[in-house]
There are 2 protein chains.
Amino acid sequence: MEKHYLFTPGPTPIPPSVLAEMAKPIIHHRTRDYSALFSQVRLDLKYLFQTDQEVLIFAASGTGAMEGTISNLFSPGDKVLVTRGGKFGERWEELANAYGLQARILDVKWGYAPKPQDVSAILKEDPEIRGVLVQATETSTGVSSDLKALGEIVRPLAGTALIVDAVSALGTFDIPMDRYGLDVVVSASQKALMLPPGLAFTALSPKAWKFTESSTLPKYYFDFRKELKNAQKNTSSYTPAVSLVVGLAASLRQIRQEGLEAMFARHARLAEATRRAMAAIGLEPFAKELPSAGVTSVCMPAGLDSEELIKILSDRFGITVAEGQGSLKGKIFRVAHMGFVDSYDILALISVLEMVLVQMGHKVKPGAGVAAAEALLLE
Amino acid sequence: MEKHYLFTPGPTPIPPSVLAEMAKPIIHHRTRDYSALFSQVRLDLKYLFQTDQEVLIFAASGTGAMEGTISNLFSPGDKVLVTRGGKFGERWEELANAYGLQARILDVKWGYAPKPQDVSAILKEDPEIRGVLVQATETSTGVSSDLKALGEIVRPLAGTALIVDAVSALGTFDIPMDRYGLDVVVSASQKALMLPPGLAFTALSPKAWKFTESSTLPKYYFDFRKELKNAQKNTSSYTPAVSLVVGLAASLRQIRQEGLEAMFARHARLAEATRRAMAAIGLEPFAKELPSAGVTSVCMPAGLDSEELIKILSDRFGITVAEGQGSLKGKIFRVAHMGFVDSYDILALISVLEMVLVQMGHKVKPGAGVAAAEALLLE
């Protein structure tokens, strides 16, 4: 008998009801059925993004929408500030370089959050900076950013846009786009949205739309202005990923039913339960500040290899957790608790982790981690 | 009771077995299960594309891979020749313009195929042309191109690449990429591959890979060289559209089982049966030359509106066929017979068409179209 359990920060588990929707015979995208579904999806995405602006949908991974943000807002030579505290900060930098922008880097030690006062100081020193590129959650480290503080810094600057990669963050904690003054929010389907990968989302503030008017970089598939016009006519520029949008309608319905507040509270509880359990097991958190509500990164005890842990979890227990990326390979593992995950899942995972760590020679009192999680979950 | 029948040139019907595969719990893309599946997919795609080259997969619509072809092969100011005989010829032109290429247009009357001798004459007159951009099948008109003849013209020219949009053509008729000397072949999932939209494919000849070395246009998500390196390591640059790739594995297995030759023969028979039926019903084909094996475009009788026909088919019979695009709106309709379609489907559709046309006032002898199709299918 084989049962599989997915604890990776994308893809994440998909509710059977959503899988069933996507398994229905496919419909054409220029039909009344699809139009009705799409107009509801557009409304529900505004609810999820907490914005009055249109949320654009692309058939792509999140990186596609990150690229579109660069090519639609900027022109060659434009200066941007990248907060680089992990693999996805590096992705902003690579994208800026690929399009001939001047990327100024604010290096953030992996495991720490970018300091808003550092961003503020750089923007004061260099008022030519037209974009601040951050991660809402840096998936590679499990660290979030203080979006509220960053919004307060960038909002008064008419010539600077605050651009947020919220691929692994949206839906896991409160990111009120309009209220915080975020100018671009990018996300994707395979995280808290409980869908397969293949849809990317982006929403732009009025300030960001203004930026698109002067951008001279080439764009076509990710042409935001063209997509906006089509979305407002309730259609899309190119053939949409129909089955994924059908799944999206179902997952957004579920999110509406739970409600954003309850959804954020659930993620916060699962994250806190996971962190307390890891502490009780004697494992150090890798995220030293603003730990993510969606993914917890954990340091391996000295002398033990996370690759081995991950292999045992997979081979013997059917559990997939994520490894460390880049220089963190072997040193950390990452447990996602985003989307279609509940306390049952987290408790079982913690218990299995205890067993495997005992086997690997780490000193754990069996049940200690689970007890710590239970205590929090009973609160 | 509601039953639905899809006869559009993308999306096309999806086999229930493929839907069932995609409805299984999602797997992570950095696991042995996914790796094993992906390496088989890579082999099967080479079989389908009839090439020894790697076939790249992107989470995108076909247009994304068309854009990638422009941004990976060319540099600003490069001259290309676009054969423009429908909406997708126009898309090549728009893409070339978006990236600052000089697009020379060979205008082809809609409903006709580009003449290879015209292409040859232009290339002789202007040896600076670096790319010839064609459609294997122009989906908006249902006309194919003579790829064999075009390959013979372009193959000897070291500085010119033959670039083929085979989005709606691949799998419907024989397109032996390597044998014909095609330099880029682009396709997508939602046509003969019997999958939802959301995957784009592209394969490059050694000549085309050479072109990518000197290209200076910006690219990131559709960076072919990066994707090739990752594909050869059996992975992908960004999160793949896992559920669609799982479906792809199943549909390619089915294509292997049928065999390319039998698959092409089936498409040819269904197309010919459809054309003969339309003639027997007294409807003119819109494609005057090289009619597509995947989609048949049909002129409405004088005085009748195809929009009305399409509405009745949908409202009363649950049948979706495609309308005419651009200036052809109301004047033609298009019936796709690609992918998971057989004679049962086509015969029923012809019969319903007879009924609806009679109701709309067109003189049809009931059964005449079906009889013509039967005669061909019995051959």
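**Figure 1. The loop holding M194(A) in the predicted model.** In this predicted model, M194(A) is located in the loop that runs between β9 (184-188) and β10 (199-204) of chain A. The phi angle of M194(A) is near 65 degrees, a positive value for a residue that is not glycine. Most residues other than glycine have a negative phi.

Figure 2. In chain A, G10(A) and P11(A) are joined by a cis peptide bond, with omega about -5 degrees. P11(A) belongs to the loop between β1 (5-7) and α1 of chain A. In chain B, a cis peptide bond links G10(B) to P11(B), and omega is again about -5 degrees. The loop that contains P11(B) lies between β1 (5-7) and α1 (16-22) of chain B. Most peptide bonds are trans.

**Figure 3. The annotated region of chain A.** An unreviewed UniProt entry lists residues 5-327 of chain A as "domain: Aminotransferase class V". Over residues 5-327, chain A is 43% helix and 18% strand.

**Figure 4. The rotation axis relating chain A and chain B.** Chain A is superposed on chain B by a rotation of 180 degrees with 0.0 Å of shift along the axis, and the RMSD is 0.0 Å. This is the relation of a two-fold axis. The same surface serves both copies, as 98% of the contact residues of chain A recur in chain B. Which residue of chain A comes closest to the rotation axis? That residue is A60(A), whose C-alpha atom is at 2.5 Å from the axis.

**Figure 5. The buried area between chain A and chain B.** Chain A gives 52 residues to the contact and chain B gives 51 residues. About 3,600 Å² is buried between the two chains, and carbon and sulfur atoms give 64% of this area. Within chain A, the residues that lose the most area to chain B are I26(A), Y220(A) and Y221(A). Together these three residues account for 18% of what the chain A side buries.

Figure 6. Four salt bridges are found across the interface of chain A and chain B. In one salt bridge, the side chains of R32(A) and D315(B) meet at 2.6 Å, N to O. On the side of chain A that touches chain B, the elements that give two or more residues are α1 (16-22), α2 (32-49), α3 (62-73), α4 (87-98), α10 (242-258) and α12 (306-317). Of these, α4(A) supplies the largest share, four residues. By class, this side of chain A has 25 nonpolar, 17 polar and 10 charged residues.

Notes:
Residues numbered from 1 in each chain as written. Chains lettered and ligands numbered in written order. Predicted model: local features only at pLDDT ≥ 70, side-chain atom pairs only at ≥ 80, totals over all residues. Heavy atoms only, no water. Least-squares fit on C-alpha atoms with pLDDT ≥ 70 in both. Contact = heavy atoms within 4.5 Å. Buried area = accessible area lost by both parts, 1.4 Å probe. Nonpolar A, V, L, I, M, F, W, Y, C, P; charged D, E, K, R; others polar. UniProt positions renumbered as here; feature names shortened; annotations may be inferred.
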